Amino acid sequence: MVIALIIAGGLGNRMNQDIPKQFLTVNEKPVIIYTLEAFQNHPEIDVIAVVCIEGWENVLCAYAKQFNITKLQHIVPGGQNGQDSIRNGVYEIEKYFNSDDIVLIHDAIRPMVSAEIISDCIRITAKYGNAITVIPCAEAMVKTNDGVVSAGSYPRDQLKRTQTPQGFHIGQICNLHREALQAGITNSVASCTLMIEMGKQVYFSIGSEKNIKLTTIEDIDIFKALLAAKRTEWLK
């Protein structure tokens with residue numbers, strides 16, 4: 001079994017809108033529905049679970065019914081931060097699925113995730129035990145202590161930019177969260193950073209520059225452009 005765990009527990013304060021950004025409507029469809037459709041339409045995804053911000057559960061159910069998201073079977077309350085929300089989600093699905101089943105943890109606000117990205121994340125997880133979606137770092141990277149000036153750089157060929165989905169076996173990620181709590185780690189920024197903080201190796205699966213995270217209003221503009229874009233036929 002492969003379960004998609006969609007994390008939609010955040011307020012999205014940096015977007016500065018009146019409703020959570022995952023429920024903003026773009027071209028007459030909520031952002032979260034674009035994300036759910038990617039997993040609904042993928043043949044290897046058996047079940048979808050959503051960690052939902054408190055008070056929006058009924059809205060999510062209504063949208064799922066309207067847009068025929070039939071794989072949605074579990075809605076879980078969000079937590080105080082990202083790590084807390086993910087922990088709530090994986091603990092909940094642990095009750096229903098086997099420890100060696102695969103869970104793909106994905107941001108609700110990455111609505112452009114492709115079938116290829118999902119497939120490769122499943123493949124690498126099945127092969128190595130985990131998979132972190134990444135893309136190369138194309139920009140020059142500089143170091144700073146004060147955010148104003150830099151006198152050093154970091155080799156970009158040693159860096160990867162992480163995205164979601166991030167894949168794990170359910171038993172593995174649940175045990176990781178239990179160990180992290182015992183170690184006093186409560187606010188790691190992502191599952192991959194939690195793995196590394198706990199001394200584990202992570203393996204890479206393919207990402208894409210199009211797999212954007214909607215954090216600011218500018219990201220919404222880019223998302224709209226990507227929805228409208230068609231690749232020029234002569235490009236390889």
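Predicted model: local features only at pLDDT ≥ 70, side-chain atom pairs only at ≥ 80, totals over all residues.
The largest nonpolar core has 30 residues, and a second, separate core has 26.

**Helices α3 and α5**
- Helix α3 (residues 82–94) packs against helix α5 (residues 170–182) at about 135°, and their axes sit 10 Å apart.
- That angle makes α3 oblique to α5, and the crossing is left-handed.
- On the α3 side, the contact is made by Q83, I86, R87, V90, Y91, I93 and E94.
- On the α5 side, the contact uses I170, I173, C174, H177, R178, A180 and L181.
- Sorted by type, the contact residues come out as nine nonpolar, two polar and three charged.

**The nonpolar cores**
- In the largest core, the residues with the most contacts inside it are I32, L36, F39, I45, I48, V50 and L104.
- The elements giving two or more residues to this core are the strands β1 (2–8), β4 (47–52) and β6 (102–107), plus the helices α1 (31–40), α2 (57–66) and α4 (115–128).
- Setting aside neighbours within four places in sequence, I32 is in contact with A8, Q22, F23, V50, L60 and A108.
- As for the second core, V76, I132, V134 and M195 are among its residues.

**Loop residue Q201**
- You'll find Q201 in the loop between α6 (191–197) and β11 (204–206).
- Q201 counts as exposed because its relative accessibility is 59%, with the cut-off being over 50%.
- Not counting residues up to four places away in sequence, Q201 touches N130 and M195.
- Q201 and N130 are 71 residues apart in sequence, with 8.7 Å between their C-alpha atoms.

Definitions and conventions: Residues numbered from 1 in each chain as written. Heavy atoms only, no water. Axes fitted to C-alpha atoms, helices over the stretch in contact; angles between N-to-C directions. Helix = DSSP H or I, 4+ residues; strand = E, 2+ residues; numbered from the N terminus. Parallel < 35°, antiparallel > 145°, perpendicular 65-115°, else oblique. Left-handed = near helix turned anticlockwise from the far one by under 90°. Contact = heavy atoms within 4.5 Å. Nonpolar A, V, L, I, M, F, W, Y, C, P; charged D, E, K, R; others polar. Core = buried A, V, L, I, M, F, W, Y, C linked by side-chain atoms within 4.5 Å. Buried < 20%, exposed > 50% of the residue type's maximum accessible area, 1.4 Å probe, protein only.
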